[in-house]
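Student: Could we go through this protein together? I would like to learn how its inside is packed.

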Amino acid sequence: MVLADLTAGAVEDAERRALTRPLADVERDALSRPAARDALAALAPADRVKIIAEVKRASPSRGALAEIPDPALQASLYEQGGASAISVLTEERRFGGSLADLEAVTARVDVPVLRKDFIATPYQVFEARAAGADLALLIVAGLEPRVLAELHALILQLGMTPLVETHSAEELELAVDLGATLIGVNARNLKTLELDRDLFATLSDRIPDSAIRIAESAVLAPEDVRRYREAGADVVLIGEALVTGDPVTTLHGFLEAGSTPVRARKESK
């Protein structure tokens with residue numbers, strides 16, 4: 001199972017880092033950071049779609065995408081292009097990311113920054129805040145409900161915002177029960193790497209009005225953003241299309257495609 005392997009690898013790498021940087025040190029650094037940026041305000045529903053632009057060198061499904069020698073420069077171009085937040089892949093083995101990328105980006109931009117990784121331990125959450133992250137990703141499919149709830153609470157305790165990622169109606173119900181305010185629906189099944197382009201539209205109406213709805217994956221062209229917007233997305237997270245082309249021009253096209261008001265929400269189920 002791809003997700004299980006990715007999570008196990010990420011935890012193993014975190015345990016390796018903990019040998020030279022103990023939890024107490026990371027916790028101290030996290031608590032000494034200035035307050036996190038307000039991600040909920042930055043991503044709040046508006047009359048046009050908002051975009052989380054991702055710094056992403058590679059993926060298990062597509063392999064190498066872009067070298068990105070200067071992740072801070074890439075992120076600054078995203079900010080210039082109109083991104084409301086930046087996502088930074090910090091997973092090392094299959095995505096080619098690092099905490100150094102996250103630190104460089106958080107020091108460069110003024111918009112909220114997401115640590116996107118396979119977070120399964122408190123150590124990784126403290127690392128995220130210590131590196132300046134304002135948001136941290138929690139993947140429902142990769143976590144036991146008890147661990148999910150504990151990590152969600154810790155992220156909030158540190159002043160960050162959890163982005164709770166789902167891939168099914170059952171996972172979405174867990175996110176809603178958790179009280180998540182940022183809920184993502186990822187078209188990419190991380191257990192099989194298969195893509196379901198209709199998944200967001202299928203699940204969107206199950207997300208309550210109290211949460212911001214984020215569509216993830218399967219975005220290569222403006223029409224993909226338009227389709228997500230029409231299905232009810234407040235925010236779209238985009239990676240591959242931005243690292244393989246001109247990020248500013250591409251972002252402008254995506255934002256224009258999502259410039260219509262979101263369709264009326266149905267009563268949540």
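Here are some questions and answers about cores and rings.

Tutor: This is a predicted model, where local features need pLDDT of at least 70, side-chain atom pairs count only at pLDDT 80 or more, and totals for chains, interfaces and linings use all residues. Residues are numbered from 1 along each chain as its sequence is written, and side-chain values use heavy atoms, with hydrogens and water left out.

Student: How many residues does the largest nonpolar core have?

Tutor: A nonpolar core is a set of buried Ala, Val, Leu, Ile, Met, Phe, Trp, Tyr and Cys residues joined through side-chain atoms within 4.5 Å. Buried means under 20% relative accessible area, exposed over 50%, and partly exposed in between (1.4 Å probe, protein chains only). Tyr228 and Ile238 are among those with the most contacts inside the largest core, and its size is 70 residues.

Student: Which kind of aromatic pair do Phe200 and Tyr228 form?

Tutor: Rings of Phe, Tyr and Trp (its six-membered ring) pair if their centres lie within 6.5 Å; planes under 30 degrees apart are stacked, over 60 edge-to-face, and the rest tilted. For Phe200 and Tyr228 the centres are 5.6 Å apart and the planes are at 80 degrees, so the pair is edge-to-face.

Student: Is Tyr228 buried or exposed?

Tutor: Its relative accessible area is 2%. Therefore Tyr228 is buried.

Student: What is the angle between the planes of Phe95 and Phe118?

Tutor: Both Phe95 and Phe118 are buried. Their rings are 5.9 Å centre to centre and form a tilted pair, with an angle between the planes of 35 degrees.
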